[in-house]
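Student: I would like to learn how to read a structure feature by feature. Can we start with the conventions and then go through the cases?

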Amino acid sequence: MVNRSTASKIRKTHRYLGIFLGIQFLMWTISGLYFSWTDIDEIHGDHFKKELPHQTIFKNLIGSSQLENEQSIKSLELIEIANQPYFWINESQLYNAISGSKKEEITEQEALKVAERYMLPDLKVESIHRIETVGKHHEYRGRPLPAYEISYKTDENLKAYVAINNGAFQTVRHRDWRWFDFLWMTHTMDYQGRDNFNTIVLRAFSLLGLITVLSGFTLWFISSPSIRKLKKENNH
């Protein structure tokens with residue numbers, strides 16, 4: 001058996017590691033419970049959106065050679081903005097698919113029409129404003145800017161986002177998503193982008209957590225009456 005001095009050091013190590021890591025262990029447990037009890041589709045806000053947005057059928061679209069475009073076309077996508085067809089060229093330029101004219105950006109009214117295609121009809125718009133930049137922790141981080149942020153009159157503080165450059169509907173954000181985002185941050189310990197599982201902080205806490213568990217097993221082993229009795233019998 002180890003001597004009392006060594007046993008005391010193990011107990012102190014286990015105790016202080018437990019205090020130091022306790023809050024993070026608690027957050028891991030709380031966030032894990034929240035993730036297991038929530039519907040990921042509701043977190044994504046699918047219950048605020050139509051199952052299948054109405055798709056308008058367009059006729060008399062012009063060819064790519066008739067566009068007011070001098071650059072070579074690498075990619076082309078047909079999109080709908082306020083019931084009008086547009087070509088999104090090279091993921092950077094927007095052209096009316098009937099007149100061929102270039103469109104610099106969409107208006108607020110067009111953004112509302114885009115959101116109307118995707119969101120449930122009973123939702124009432126409270127406000128709309130343009131955002132040019134967002135911080136690292138903003139709920140719209142990592143998506144195309146500038147964009148229109150459309151707020152709805154709901155208890156969930158519901159917002160929809162539409163990209164200004166091409167009128168693409170981006171995402172919705174609401175209260176439950178924000179709780180999920182916060183808890184996911186505490187779970188991954190990536191306080192910037194949320195999805196990096198290789199941060200030094202997470203690695204350090206995981207290693208210290210393993211040491212805490214092992215020190216607990218060691219304490220049980222050196223203080224267990226059954227183990228002591230077994231050792232005495234083996235010595236005889």
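Student: What percentage of the residues in the protein is buried?

Tutor: Start with the cut-offs. Buried means under 20% relative accessible area, exposed means over 50%, and partly exposed is in between, with a 1.4 Å probe and protein chains only. Here, 36% of the 236 residues are buried. Note that this is a predicted model: local features need pLDDT of at least 70, side-chain atom pairs count only at pLDDT 80 or more, and totals for chains, interfaces and linings use all residues. Residues are numbered from 1 along each chain as its sequence is written, and side-chain values use heavy atoms, leaving out hydrogens and water.

Student: How many helices and strands does the protein have?

Tutor: Both are DSSP runs numbered from the N terminus: helices are H or I with at least four residues, strands are E with at least two. The protein has six helices and eight strands. From the N terminus on, the order is α-α-β-β-β-β-α-β-β-β-β-α-α-α.

Student: How do I read a sheet, and what is the strand order in the one with E1?

Tutor: The general idea: strands of a sheet pair through backbone hydrogen bonds, either parallel or antiparallel. Two strands count as paired if DSSP finds at least two bridges between them. In this case E1-E2-E3-E4 is the order of an open, antiparallel sheet of four strands. E1 and E4 are its edge strands, each pairing on one side only. Two bridges join E3 to E4. Leu94 has Lys103 in E4 as its bridge partner.

Student: And which strands form the sheet with E5?

Tutor: That open sheet has four strands in the order E5-E6-E7-E8, with antiparallel pairing. Its edge strands are E5 and E8, each pairing on one side only. The twist averages 20 degrees from one strand to the next. For angles, axes are lines fitted to C-alpha atoms, for helices over the stretch in contact, and values run from 0 to 180 degrees between N-to-C directions. Four bridges join E7 to E8. Lys159 is partnered by Arg173 in E8.

Student: Which helix lies across E5, E6, E7 and E8?

Tutor: Contact means heavy atoms within 4.5 Å. H3 lies across these four strands and runs at about 60 degrees to E6.

Student: Which residues touch the most other members of the largest nonpolar core?

Tutor: A nonpolar core is a set of buried Ala, Val, Leu, Ile, Met, Phe, Trp, Tyr and Cys residues joined through side-chain atoms within 4.5 Å. The largest one has 22 residues, and Met119, Tyr152, Val162 and Phe169 touch the most other members. E1, E2, H3 (108-118), E6, E7 (159-163) and E8 (169-173) each supply at least two residues of this core. Take Phe169: not counting residues up to four places away in sequence, Phe169 touches residues including Val114, Met119 and Val162.

Student: Is Glu149 buried or exposed?

Tutor: Glu149 sits in strand E6. Glu149 counts as buried because its relative accessible area is 7%. Now the polar side. A polar contact is a pair of N or O atoms within 3.5 Å; within protein, one must be able to donate a hydrogen and the other to accept it, and residues adjacent in sequence count only if both atoms are side-chain atoms. The side chains of Glu149 and Tyr161 make such a contact at 2.7 Å. Beyond four places in sequence, Glu149 also touches Ser127, His129 and His138, among others.

Student: Where is Gly100, and why does it count as buried?

Tutor: Gly100 lies in the loop between E3 (93-96) and E4 (102-103). Gly100 counts as buried because its relative accessibility is 0%. Leu61 is 39 residues away in sequence, yet 9.1 Å away in space, C-alpha to C-alpha. Among the residues that Gly100 touches, leaving out those up to four places away in sequence, are Ile62, Gln66 and Tyr95.

Student: What kind of peptide bond joins Leu145 and Pro146?

Tutor: Check omega. The bond is cis, with omega about 0 degrees. Pro146 is in the loop between E5 (125-131) and E6 (147-152).
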